[in-house]
Amino acid sequence: MTETTNARKIAFATFVRRALDDARALRAWSGTEVSRRTGVSRQTINRWVRGDWASDPEAERVVAFCEGLGLDPAAAFTALGWDRAAGPRPAPTPPPMDPDVEALLRRLVDPTVSDAEKFHIRETIRYLAYRPTLPGGVRNRGKQAG
């Protein structure tokens, strides 16, 4: 482990420990309550306090931890030595949506479409979403040349 990595682990562990101490002292929160309010598991928080991580903590978890405790994530990022000037990573672009699905979604939000029609669309989608998958041979039956 490099000296820089060790220093970052110590700095982040100190940040997390102080945040936990403040949560206990000011809000009387237990470790379980901190975990519940932040959405970060107790095991993860304990690893952070011990500096027991091989790769950097996930940014989303660090942000969730900070926001759950009312802290500025920038302070945690600074402790981790992350370059805040680089900005957040762009979100991956979602895959293209099927045109038929887009048409259904447009109909569901269209105020001129009746509630009965919207109900029918939703019921059909539910049926298709939760029906059992067909065995492999049955699925390909329609594709056979005949």
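Trainee: Which residue lies over the face of tryptophan 29?

Mentor: A charge sits over a ring if NZ of Lys or CZ of Arg is within 6 Å of the ring centre and within 35 degrees of the ring normal. For the ring of tryptophan 29, the distance to the centre is 4.8 Å. The residue over that face is arginine 27.

Trainee: What kind of model is this?

Mentor: Residues are numbered from 1 along each chain as its sequence is written, and side-chain values use heavy atoms, leaving out hydrogens and water. Local features need pLDDT of at least 70, side-chain atom pairs count only at pLDDT 80 or more, and totals for chains, interfaces and linings use all residues, since the model is predicted.

Trainee: How many helices and how many strands does the protein chain have?

Mentor: Helices (H or I, at least four residues) and strands (E, at least two) are DSSP runs, numbered from the N terminus. From that end, the elements run α-α-α-α-α-α-α-α. The counts are eight helices and zero strands.

Trainee: Which residues form a nonpolar patch on the surface?

Mentor: Patch members have over 30% relative accessible area and no salt bridge; nonpolar side chains (Val, Leu, Ile, Met, Phe, Trp, Tyr) are joined within 5 Å, like charges within 9 Å. Areas come from the Shrake-Rupley method with a 1.4 Å probe; for residues, only the protein chains shown count as cover. The patch has about 240 Å² of accessible area together. Its members are Met97, Val101 and Leu105.

Trainee: Where is methionine 97 found?

Mentor: Methionine 97 has a relative accessible area of 41%, so it is partly exposed. Its place is the loop between α5 (73-80) and α6 (99-109).

Trainee: Now the rings. What kind of aromatic pair do phenylalanine 12 and phenylalanine 15 form?

Mentor: Rings of Phe, Tyr and Trp (its six-membered ring) pair if their centres lie within 6.5 Å; planes under 30 degrees apart are stacked, over 60 edge-to-face, and the rest tilted. The whole structure holds five aromatic pairs. In the pair of phenylalanine 12 and phenylalanine 15, the centres are 6.2 Å apart with 15 degrees between the planes. This pair is stacked.

Trainee: Are phenylalanine 12 and phenylalanine 15 buried or exposed?

Mentor: They sit three residues apart in helix α1 (residues 3-27), so about one helical turn separates them. Phenylalanine 12 has 1% relative accessibility, and phenylalanine 15 has 16%. Both count as buried.

Trainee: Why is the pair of tryptophan 48 and phenylalanine 65 edge-to-face?

Mentor: Their ring centres are 5.6 Å apart. The pair is edge-to-face because the planes meet at 90 degrees.

Trainee: Which helices hold tryptophan 48 and phenylalanine 65?

Mentor: Both residues are buried. The pair ties together parts that are 17 residues apart in sequence, so two helices are involved. Tryptophan 48 and phenylalanine 65 lie, in that order, in α3 (residues 42-50) and α4 (residues 59-69).

Trainee: Which residue lies over the face of tryptophan 53?

Mentor: Tryptophan 53 belongs to one aromatic cluster with Phe12, Phe15, Trp48 and Phe65. The residue over its face is 5.2 Å from the ring centre. That residue is lysine 9.

Trainee: Which residue forms a salt bridge with arginine 126?

Mentor: A salt bridge is a side-chain nitrogen of Lys or Arg within 4 Å of a carboxyl oxygen of Asp or Glu. The structure holds eight of them. In this one, the closest N and O atoms are 2.7 Å apart.

Trainee: Which helices does the salt bridge of glutamate 117 and arginine 107 link?

Mentor: The two side chains meet at 3.3 Å, N to O. This pair links distant parts of the chain, ten residues apart. Glutamate 117 is in helix α7 (residues 115-130), and arginine 107 is in helix α6.

Trainee: Last one. Is arginine 50 buried or exposed?

Mentor: Arginine 50 meets aspartate 52 in a salt bridge of 3.3 Å, N to O. Aspartate 52 is partly exposed at 42% relative accessibility. Arginine 50 is at 54%, so it counts as exposed.

Note on methods
Buried < 20%, exposed > 50% of the residue type's maximum accessible area, 1.4 Å probe, protein only.
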